[in-house]
Amino acid sequence: MKIEALKLREVRMALRYPFETSFGVTRERRILLVEAVSEGLSGWGEITAGEGPFFSPETTETAWHVVRDFIAPLVVGKHFAAAAELPPLLEKIRGHEMARAGVESALWDIEAQEKGIPLAMLLGGDREEIACGVSLGIQPSVKALLEKIEQELAAGYQRIKIKIKPGWDVEVARAVRERFPGIKLMVDANSAYRLEDTAHLKKLDDFYLMMIEQPLPWDDIYQHARLQAELQTPICLDEPIHNARQAQTAIELRACRIINIKLGRVGGHSEARKVHDLCQQTGIPVWCGGMLESGVGRAHNVALSTLPNFSLPGDVSASRRYWEEDIIEPEVEVSPEGTIRVPTGAGLGYRVRRDRIEKLTVRQETWRAR
Ligand code: SMG
Ligand code: MG
């Protein structure tokens with residue numbers, strides 16, 4: 001493929017419900033969409049950076065800057081035999097994984113379209129459907145949370161993740177367990193605790209959770225190892241895993257027993273596959289995380305989740321849980337059994353709705369090969 005043009009758009013999409021974590025509330029997403037154009041094909045990627053530097057240091061603005069000033073000049077006008085040739089070219093850019101992943105994703109979509117196969121197949125996936133869970137933000141009351149869980153279970157979702165923070169943790173988990181003794185349940189703290197909170201976190205062991213995700217600081221691996229040695233509940237790492245090397249550190253230190261793979265956080269499909277393969281070889285199950293993606297990012301997550309070691313339900317759920325109207329067609333739907341059918345068309349397998357994107361776009365820039 002020759003990348004004749006790269007187009008970056010910022011779209012604003014209001015969430016149907018505010019999403020509250022230990023670090024803040026998201027009401028509207030400022031999503032960057034990448035469109036790469038090659039020989040009559042358009043490939044699409046999504047940059048999953050947050051509006052502020054609260055999940056990770058990247059933001060919508062830093063990603064725009066890095067794509068415009070550093071990535072686009074390295075990509076536009078270049079020939080690639082495969083999307084996997086992009087990461088070595090971007091290697092000298094430190095960090096900014098989400099910006100890099102958005103562009104790499106667009107190239108993977110083009111490559112799959114060129115070959116006339118689904119992206120899932122190109123990535124090496126072998127599932128016809130993927131297992132889905134939901135992530136429930138912090139709610140105004142325990143009663144409200146129990147009602148939400150009831151609804152999500154009725155919709156078929158296979159596991160429930162609840163966000164926790166100091167003051168909304170042990171008693172909330174206890175209430176959920178009492179009401180739903182048999183469900184697959186986990187919690188995500190988004191780094192709201194410190195190692196000194198070990199005694200408090202140990203109380204969560206009473207609720208036979210599938211895992212506790214990222215209890216300690218966002219950039220820490222070592223202290224998670226100290227904590228894991230004290231907990232029965234498996235720790236799952238999210239924020240500090242940006243590549244296979246860090247995943248290896250975490251596994252060798254026994255800092256976690258499960259890893260959440262997010263396409264943006266690890267810098268794209270190439271690195272996501274490396275993390276996946278390493279985890280598979282070392283007996284660490286993985287699942288696909290979510291960043292409140294639009295349909296474009298969601299479609300990439302569906303494809304990634306078809307790899308064999310994605311053996312736990314992920315945070316990949318139906319479009320309608322987030323948006324009044326998504327930007328792909330058909331929208332992502334979840335079956336009563338809590339699964340998403342993997343599309344069989346070439347590339348992403350969903351039609352990207354330019355009409356809708358145009359309406360939501362607040363700025364755009366195109367770089368063309370000369
Ligand atoms: O996409 O359903 C989703 C959100 C899943 O909980 C989710 N993501 O730490 O795993 C996580 C959070 C990060 C996003 S917070 C805006
Ligand atoms: Mg998380």
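A polar side-chain atom of Lys-262 lies 3.0 Å from an oxygen atom of ligand 1 in this predicted model, a polar contact being a pair of N or O atoms within 3.5 Å. Oxygen atoms of the ligand are likewise placed 2.7 Å from an N or O atom in the side chain of Asn-190 and 3.4 Å from one in the side chain of Glu-213. Taken alone, ligand 1 exposes 440 Å², of which the protein buries 96%; accessible areas come from the Shrake-Rupley method with a 1.4 Å probe.

Because the model is predicted, local features need pLDDT of at least 70 and side-chain atom pairs count only at pLDDT 80 or more, whereas totals for chains, interfaces and linings use all residues. Residues are numbered from 1 along each chain as its sequence is written, chains are lettered from A and ligands numbered from 1 in the order in which they are written, and side-chain values use heavy atoms, without hydrogens or water.

The shell around ligand 1 contains 19 residues, of which Ser-135, Asn-190, Gly-290, Leu-292 and Tyr-322 come nearest; a residue is near if one of its heavy atoms lies within 4 Å. Six residues of the shell are nonpolar, five polar and eight charged, with Gly counted as polar and Asp, Glu, Lys and Arg as charged. Domain 1 (5-116 + 355-364) and domain 2 (122-341) each supply at least three residues to the shell, the bounds coming from an automatic or database domain assignment.

Two backbone features were also found. Most residues other than glycine have a negative phi, and most peptide bonds are trans. Ser-191, which is not a glycine, has a positive phi of about 70 degrees. The peptide bond from Glu-329 to Pro-330 is cis, with omega near -10 degrees.

Definitions and conventions:
A polar contact is a pair of N or O atoms within 3.5 Å; within protein, one must be able to donate a hydrogen and the other to accept it, and residues adjacent in sequence count only if both atoms are side-chain atoms.
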